[in-house]
Every structure is written in C-alpha cells, then in structure tokens.
Amino acid sequence: MFVAFEKVFTLANMIYLFKGALISLMIAALALFFGLILGIIGASAKRSKFFLFRWLGNIYVEVIRGTPMLLQILLLFAVMPAMYTAITGSVIRPNVYVIGVIALSINSGAYTTELIRSGINGIDKGQWEAAETLGLSNFQTMKLVILPQAFKRIVPPLVSEFITLIKDSSLISTIGAVELLKSAQVIGNTYFDVMSPYTLAMVFYLAMTLSISFVARKLEGRLAQSD
Amino acid sequence: MIKLKSITKRFNQFVAVDNVSLEIKKGEIVCLIGPSGSGKSTVLRCINGLEVPEEGQVLINDTPLIKDDEKYTDLKLKMGFVFQHFHLFPHMNVLDNLTLAQIHVKDRNETEAKDIAMKYLKRVGLEEKALEYPSKLSGGQKQRVAIARSLCMNPEVMLFDEPTSALDPEMVIEVLSVMQELAQEGMTMVVVTHEMGFARTVADRVIFLEDGQIVEENHAEEFFANPKSERARSFLNKVMH
C-alpha cells in the first residue's frame with residue numbers, strides 16, 4: 001500500500017504540499033476575517049428594532065446553515081460568472097480562489113452571526129442597567145461594556161470556526177482550486193499512489209489545526225485574567 | 001425632589017405596583033419595606049426609569065421623567081442607583097469602573113475623573129483596591145465600590161435596591177455603615193431593604209408596601225414602635241426577632 005512512500009516523500013513534493021497548505025490557511029483566514037465582518041452585520045441585523053432587518057438576518061442564517069457548504073460553493077461558482085455577464089455584458093473566466101473565499105466567507109458569516117448574537121445575549125442584563133443608571137447611551141454601553149465582555153466569550157468558538165474553515169476549505173478543490181487536498185491528489189495522480197500523499201496531507205492539516213488550538217488555549221488563559 | 005403620581009406598573013397580567021403615590025423631599029431618608037413581591041423594588045426602579053409605569057407620572061424636581069425626552073438623561077443623572085447584585089463591570093479594574101461614566105458622560109478628563117474616583121474610593125475605605133478587578137473583591141467590597149461608582153456622578157439622590165441582600169452576614173455592616181455616613185452627610189436616600197435595624201435608626205420615614213400598594217407610611221420611630229395596620233404588625237412580628 002505504501003510501497004511508493006520513499007518516492008513520494010521528496011523535497012519538491014513536500015514544498016508542493018506546503019504551498020497547498022499555505023493556500024488553505026490563507027483562504028480560511030480571509031474567510032474568517034470577512035465572515036467576522038458579515039457576522040457583525042448579521043448580528044446587528046438580528047438585534048435590530050426593525051422587523052425587516054431581523055427578518056433578513058434570520059433568512060441569511062437559516063439558509064446558509066440549512067444547506068450544504070459544497071452546494072453553496074458550486075452554486076456561487078455557477079452564478080457569479082453569469083451575474084458578471086448579465087451586468088457587464090462580457091464573459092469572464094472566474095478566479096476559483098476568489099469564489100472560494102467569497103463562498104466560505106458567506107458561510108462563515110452565518111455561523112459568526114449566531115456566535116456574536118449569543119455572545120451579546122449572554123451578558124447579564126444588569127450590565128445594561130448599571131450602564132443606563134450611569135447615563136451611558138445604548139451605543140456607549142455596547143462599545144464600552146457589552147462587546148468587550150462578549151468578545152471574551154466569542155473568541156473560543158471563533159477559533160473553532162477557524163479550524164472548521166481550514167478543513168472545509170478542502171471543498172473548493174471541487175471547483176478547481178489547488179489547495180492542500182488538491183495538491184495531495186495531484187501528487188497521487190503522478191505516482192499512482194494516493195495513500196502516501198493523503199496521509200501527508202492529514203499531517204499538514206493536523207499541524208495547522210493543532211497549533212491553532214494551542215495558541216487559542218494560551219489566548220483564553222490570558223483573556224480569563226479578570227474573571 | 002421626587003414625586004410619584006398614582007403610578008401603576010404591570011408585568012403581563014401581574015400588577016406589580018398598584019396606584020402608588022409618594023413624595024420624597026430633599027435630604028430625606030426613606031425606607032421601602034414589605035414582603036417579597038410587594039412591589040417595593042419596582043417602585044424604586046420606576047423612580048429612575050429602569051421600569052416605565054403604564055399609568056401615572058414620575059416627577060424629578062417637578063419635571064416629568066419621560067424616555068426620549070431631551071431632559072431624560074439629565075434627570076437620570078440626578079439619581080444614583082445601587083443594585084442588589086452590584087453589577088460592576090467585570091472586565092475593568094475598580095478605578096476604570098469609577099471613571100468610565102465620568103469620562104464618557106460627564107466629559108471629565110482622565111486626571112480629574114481619577115481624582116474624583118480616588119476621593120470616593122477613600123470614602124468607602126477601598127483606595128488600596130483601585131487597581132484590582134472586581135472578581136478579586138468580596139461582596140461587601142463590591143457593593144462599596146458600586147456605591148462609590150454612583151457617587152462619582154454627583155447624584156442628588158441615591159436609590160438603593162436591597163443593597164445588602166446578596167451579602168454574607170458579616171459583610172452587611174460595612175455596607176450599612178457607608179450608607180449611614182452618607183445619610184449623615186445629608187444625602188437624599190430611598191432604600192429598599194430588609195434591614196429593619198437600619199430602617200429604624202437611619203430612616204426618617206418608612207413606607208410599608210404589600211401587593212403593590214402602600215399600606216402604611218409613617219415616621220420610622222413611630223412605625224416600629226406602634227404600627228397602625230394589622231398587616232404591618234404581622235410583617236414586623238415575622239421579621240423582628
């Protein structure tokens with residue numbers, strides 16, 4: 001089964017896999033960042049006093065969470081070029097990495113919306129009341145009292161979200177992006193042995209996810225100082 | 001200073017405060033007492049707008065307290081509020097707890113706010129805790145910090161909502177003595193409390209509530225020595241031992 005391992009385990013192949021891993025990491029990081037922005041917008045919409053915003057926020061979260069991420073990626077891959085053509089009239093060859101980041105960001109944003117919303121709702125009502133009796137406005141209370149506390153609760157699940165994104169970024173290999181999983185497949189096709197490169201890909205994924213978990217635990221310890 | 005004109009507050013079907021009117025004069029110390037669920041905390045929360053009564057009017061210095069009114073924040077700032085569960089901001093140290101609203105609401109600069117904060121921390125005997133986080137303080141210390149935090153905003157009246165009910169017995173006295181000092185300095189105070197000893201010795205007037213209504217209102221001495229209503233008498237029999 002592993003007969004070709006020595007053949008596969010070359011410096012060039014390792015660099016190729018490493019590049020794939022970096023791309024996976026970059027895509028996940030960008031998706032986390034844009035997802036966080038979407039999450040802030042989504043959570044604000046869901047907490048809005050306007051029904052329309054709450055409704056839009058709910059639809060966003062429910063649609064994204066209720067459908068497979070693979071389907072969302074494939075749909076965006078089909079829809080984006082068509083939309084571009086409809087708007088500009090010209091035809092483009094879509095950049096699969098850009099589509100990948102957009103799809104993952106939209107997906108992550110829905111989960112982050114719920115993280116932020118529950119982080120804010122989890123803060124004791126007394127904090128709002130105390131701030132109110134001291135004359136702070138709603139906006140000041142949110143910025144100075146609620147969000148700093150909610151942030152501490154949001155960080156740990158946000159780290160899990162990052163880890164999820166690193167793993168789920170493998171799905172964009174289906175639209176042709178060469179990230180870590182696809183890199184392993186390419187090597188596998190060259191040597192007619194998928195076991196060795198897949199195993200190596202697992203090691204790369206674990207190296208990324210475990211080191212993020214490690215950093216996260218350190219960070220949590222620091223954030224918990226005032227508790 | 002404070003006037004409640006026949007206020008009624010309901011929570012769904014439950015009538016928490018039923019047509020209550022009362023007046024509190026400048027410099028007066030009034031204790032609201034009564035069994036739990038009698039509406040005394042809700043009355044207090046209506047005074048500073050934490051609850052909005054469905055009927056009736058709350059007047060602060062003869063100005064009606066109405067949400068979204070331009071005078072609303074100014075009126076609220078005349079009143080300090082101390083909660084049963086302190087509600088300090090856990091992510092900031094004691095000093096920052098005390099300076100936050102001074103800087104962002106009163107527009108004081110940092111140095112000035114810190115000076116004022118230290119002044120009041122000293123008054124509640126906690127200046128050496130200025131840089132501690134609330135989680136490092138005992139309940140009694142937390143409540144004294146909460147009182148200092150309110151005083152930093154220079155209120156004209158202090159409202160206390162069962163300030164000692166969440167404390168271990170040995171910490172009650174340190175909070176009550178801070179309150180007693182405030183009273184001696186002439187601060188107007190409205191106190192919801194189960195501390196009958198405090199009510200008897202410190203209050204000018206005691207208001208006894210039951211089922212959302214004022215049952216009896218009298219000078220503190222008179223009320224404890226000789227309660228007029230049967231309900232007040234049976235309540236006192238249960239709580240005084």
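Against which strands and helices of chain B do the buried residues of helix 9 of chain B pack?

Guide: The model is a predicted one. Helix 9 of chain B spans residues 230-239, and its buried residues are B:Ala232, B:Phe235 and B:Leu236. Viewed down the helix axis, these buried residues fall within an arc of 95°, and they therefore line one face of helix 9 of chain B. In general, an α-helix has 3.6 residues a turn, so residues three or four places apart point the same way.

The partners of this buried side all belong to chain B: the buried residues of helix 9 pack against strand 3 (29-33), helix 7 (196-202), strand 9 (205-210), strand 10 (213-219) and helix 8 (220-225). On the face turned away from the buried side, helix 9 of chain B carries the exposed residues B:Glu230, B:Asn237 and B:Lys238.

The largest has 86 residues, and B:Ile2, B:Leu159 and B:Val190 have the most contacts inside it. Helix 7 of chain A (residues 138-168) gives the most to this core, with 13 residues. Apart from this core lies another, of 50 residues, including B:Cys31, B:Leu137, B:Ala148 and B:Phe223. Returning to B:Leu159, its contacts beyond the neighbours within four places in sequence are B:Ile2, B:Leu44, B:Ile47, B:Asn48, B:Met79, B:Gly80, B:Phe81, B:Val82 and B:Val190.

Note on methods
Residues numbered from 1 in each chain as written. Chains lettered and ligands numbered in written order. Predicted model: local features only at pLDDT ≥ 70, side-chain atom pairs only at ≥ 80, totals over all residues. Heavy atoms only, no water. Buried < 20%, exposed > 50% of the residue type's maximum accessible area, 1.4 Å probe, protein only. Helix = DSSP H or I, 4+ residues; strand = E, 2+ residues; numbered from the N terminus. Arc of directions from axis to C-beta. Contact = heavy atoms within 4.5 Å. Core = buried A, V, L, I, M, F, W, Y, C linked by side-chain atoms within 4.5 Å.
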